[in-house]
Amino acid sequence: MASLTDHRGTPPKRKRDPAPSRLAYRLERMWLTPLYRRVLRVGVPAFLLAMSVGIWMSDEDRRAMLHEGIAGLVDKVQSREEFQVKMMTIEGASPAVDKALRSMLPVDLPASSFDIDLTALRLQVMALDAVEKIELRIKPGGILSAVVTERQPAVLWRHARGIEMLDKNGHRVAGVTSREMRPDLPIITGDGADQVTAEALALIDAAGPVLPRLRGLQRQGERRWDVVLDHGQRILLPEVDALRALEHAIELQRSDDLLGRDISVIDLRDPARPVVRMGVDARNTIRGARGLPLLGPDGQVLANDG
Amino acid sequence: MTDLYQTQRAMRNMRRAAMQRGVIGILDIGTSKIACLVLQFDGSGVSREADGVGPMAGQANFRVIGASTTRARGMRFGEIDAMAETERAVRTAVAAAQKVAGVRVDHVIACLSGGRPASYGLAGEIGLEQGKVTEHDVASVLASCDTPDFGRGREVLHAQPVNFAVDHRSGLADPREHSGNRLACDMHVLTVDGDAIGNLIHCIRRCDLELAGIASASYAAGRASLVEDEQELGAACIDLGGGGTGVSIFIKKHMIYADWVRIGGHLITQDISQGLRVPYAVAERLKTLNGGIEATGRDDRDMIEVGAETGDWESDRRSVSRSDVIGVMRPRVEEILEEVRQRLDAAGFDSLPSQQIVLTGGGSQIPGLDGLATRILGPNVRCGRPLRIDGLAHQLTDPSFSSAVGLALFAAHPQDEWWDFEMPADRYPARSLRRAYRWFRNNW
């Protein structure tokens, strides 16, 4: 008969008490305390993380494994097909520079673009005298492109240790073994001549009519120029306004054909008072007309023996 | 009374500490519901004009950051009946409010509605030695009030100085620095049953909360629902609660009388349950949704289905008319109001200059109550809602939350009580070092 009286089956469910239990209430209040909150939310996770990492890393083998793994991963990414540099193109370089540039590349192609330090390579290439400017970049398709601007030699500089080619700013381009190798370039000499190449070039440009007779410029005492012409003639230019002095000399040459005469030196160092040193023949002509003893080729008075 | 003085002072210090930390909890433990508000004091004192809440009565320096309400358990006639049950209900309310606020509440201010409150008006008088009222004299005159025998096991809940008089100038709010020869004061003392208040304190302690203040629910309801003018000119606040009805009379911004009628909303529900033979829960629903005071012809035709689970189809499918419900409710409400009338008469409310009566509490939401109250209590009756305070959700602004809001105001600006003044030196035990220190401080 029990099944008849207990017809509802399960006894009615007891309603859940909505009140928090004493423990839950205390924990909730503790959780709302700022210090606990901070410690539990930041301190404990941070500590656990640091501790587990520390314990794991304390083993030498694991550290080595980690290093290897990371290195392997980096290597795998860097050696991907997309990052490979297969060839190098060089534009605007002479064969010598081309060869030097190819030999400067630290790795053998094909290589990963991560292994090529373009900045360092550029600095290294810029150390070459012949190179004025270089643009290095890695183009899509794995091409290392180098666009080189070479220095153009403008003048030869003869000094105690040999002959060098300089560009228009006075920077060394290359050494030459003899003058004959570049007969098209003007020559300058003297210490410190490379510092003022620009002025020398301006003087050579201004030489105009005397250019066929110009042999070179000589720097005197690192402060002023001498224009050296053939037949041992010289034009001494002042420290300042050398260009105007040279134009003055050319003007004299044009009006009086000064250089066609027997004159060894035109001294324009004092622009207000040009001085001319005459040659021995001219002086002898004057001396002969005056009845004075003649001079020998060394400038000494000849013994009047006949 | 020295013992009480020390506990109340300790509570005041606790309140100050809580204000400094910026968070204080409000716990309104009623017979039908427990409300918990979490107040945040930002200490700026600047009022924020937020959705119509202006800086009216000093409610501007705090805002409610968490609120919750739950059904009261284990309460009966405003007193704790089953301590463990009440404790669970308090835990529910506090945990929910804390969760909303996101801060931990350590200090609460609670109110006691029952406990058979009794009001006493005391008078004291001293002579002024210096011809001028000093702070020390105020404390002395408060201490000199002759206390009647409150009865056994009674505790003083409020002891507020209501009026000061210097010589023949009466009605002074602040007598300090007045010159005269004689200082008199009137003090209103509210005593409650010591066991009831002890149970409440113990219950709050068991929830790991510190009590930072305790107030009478009638007082709190009056502070929240009487507007400033009514408090100044004189008004009575009737707080129709679940377990009983609180009565408080205010004049000149002081409570001068408080009492408690042990008939409340639960008794109305009980009447409906018995009269219509429906379960208690159904009766509660009938009362809240369909209750009323004045029956009209339409109410006879307004039939309400009452469901029940007795298993008897005939009784479960009954329906009652709304006038039946009204017919059961009305006599009980009349009885409550009659009782309130008696208390007001006993307090001498008739002789007050203003006869304003404000109905508040959950029971004041019965439709048509103001009409009935006008007939029984007097012509000037209105239904009052609590003062708007910043941050309180809209569903918590109905009249049943007036004592919670009043407690919040009490927390922000407590009125001077006797224990806010330094105890006069001769009240300390003899040969006390503090007594000597006090004597030196007062005489040099």
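Modeller: Helices (H or I, at least four residues) and strands (E, at least two) are DSSP runs, numbered from the N terminus, and on that basis chain B has 14 helices and 18 strands. This is a predicted model, in which local features need pLDDT of at least 70 and side-chain atom pairs count only at pLDDT 80 or more, while totals for chains, interfaces and linings use all residues. Residues are numbered from 1 along each chain as written, and chains are lettered from A and ligands numbered from 1 in the order written.

Colleague: Which residues of α7(B) are buried?
Modeller: Gly265(B), His266(B), Ile268(B), Thr269(B) and Ile272(B) are, where buried means 20 or more other C-beta atoms, placed from the backbone, within 10 Å of the residue's own.

Colleague: New topic: which residues have the most contacts inside the largest nonpolar core?
Modeller: Ile26(B), Leu37(B), Val90(B), Leu407(B) and Ala408(B), in a core of 124 residues; such a core is a set of buried Ala, Val, Leu, Ile, Met, Phe, Trp, Tyr and Cys residues joined through C-beta atoms within 7 Å. Its largest share, ten residues, comes from α11(B).

Colleague: What does Ala408(B) touch, leaving aside neighbours within four places in sequence?
Modeller: Ala408(B) is in contact (C-beta atoms, placed from the backbone, within 7 Å) with Ile26(B), Leu37(B), Leu39(B) and Ile389(B).

Methods. Buried ≥ 20, exposed ≤ 12 C-beta atoms within 10 Å, placed from the backbone. Contact = placed C-beta atoms within 7 Å.
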